[in-house]
Amino acid sequence: MRILHTMLRVGDLEKSLDFYTRVIGMKLLRRHEYPDGKFTLAFVGFGPEDTHPALELTYNWGTSKYELGTAYGHVALGVNDIHATCDAIRKAGGKVVREPGPMKHGTTVIAFVEDPDGYRVELIQQGT
């Protein structure tokens, strides 16, 4: 058993695709429109779905905003150089909402960025 994907509902699919592909560096793996159901699914990730987990971005036609709720936490990504990654995300127009630094009550270096819908993406420095 393994995790296949995590689904996020998005209010503007093109903005979200731009964020996850251009700003974060994922690839668009597949996209399919469902006119009868009035929704579009787009899957993004860092590698093929048969070996890597993906994010499923679900756009329900005509819905431009969601309340995120208090149960959702974040998606976490491991990075080799957290400072360079945050700089690149900022230069690409992304929003860094917590600068790199040690996590509370620990030593792991983390940062947080926010996608166009307000979902948090945690960056975790790898190899330290």
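Domain bounds here come from an automatic or database domain assignment. On that basis, this predicted model is divided into domain 1 (5-60) and domain 2 (75-125). The centres of the two domains, taken over C-alpha atoms, are separated by 20 Å.

**The interface between the domains**

In the contact between the two parts, 14 residues of domain 1 meet 12 residues of domain 2. The table gathers the values for this interface.

| Property of the interface of domain 1 and domain 2 | Value |
|---|---|
| Area buried | about 1100 Å² |
| Share of that area from carbon and sulfur atoms | 71% |
| Residue pairs in polar contact (both at pLDDT 80 or more) | five |
| Salt bridges | zero |

Of the area that domain 1 buries against domain 2, Phe-19, Val-23 and Ile-24 supply 39%, more than any other three residues. Strand 1 (5-9) and helix 1 (13-23) each provide at least two residues of the side of domain 1 that touches domain 2. Helix 1 gives the most to that side, with six residues.

**The annotated residue Glu-122**

An unreviewed UniProt entry lists Glu-122 under "active site". Glu-122 is part of strand 8, which covers residues 120-125. Because its relative accessibility is 10%, and buried means under 20%, Glu-122 counts as buried.

Leaving aside neighbours within four places in sequence, Glu-122 is in contact with His-74, Val-75, Ala-76, Leu-77, Ile-110, Ala-111 and Phe-112. With one of these residues, His-74, the side chain of Glu-122 also forms a polar contact of 2.7 Å, side chain to side chain.

Definitions and conventions
Residues are numbered from 1 along each chain as its sequence is written. This is a predicted model: local features need pLDDT of at least 70, side-chain atom pairs count only at pLDDT 80 or more; totals for chains, interfaces and linings use all residues. Side-chain values use heavy atoms; hydrogens and water are left out. UniProt positions are given in the numbering used here, feature names are shortened, and annotations may be inferred rather than shown by experiment. Helices (H or I, at least four residues) and strands (E, at least two) are DSSP runs, numbered from the N terminus. Buried means under 20% relative accessible area, exposed over 50%, partly exposed in between (1.4 Å probe, protein chains only). Contact means heavy atoms within 4.5 Å. A polar contact is a pair of N or O atoms within 3.5 Å; within protein, one must be able to donate a hydrogen and the other to accept it, and residues adjacent in sequence count only if both atoms are side-chain atoms. Buried area is the accessible area (1.4 Å probe) that two parts lose on being put together, summed over both. A salt bridge is a side-chain nitrogen of Lys or Arg within 4 Å of a carboxyl oxygen of Asp or Glu.
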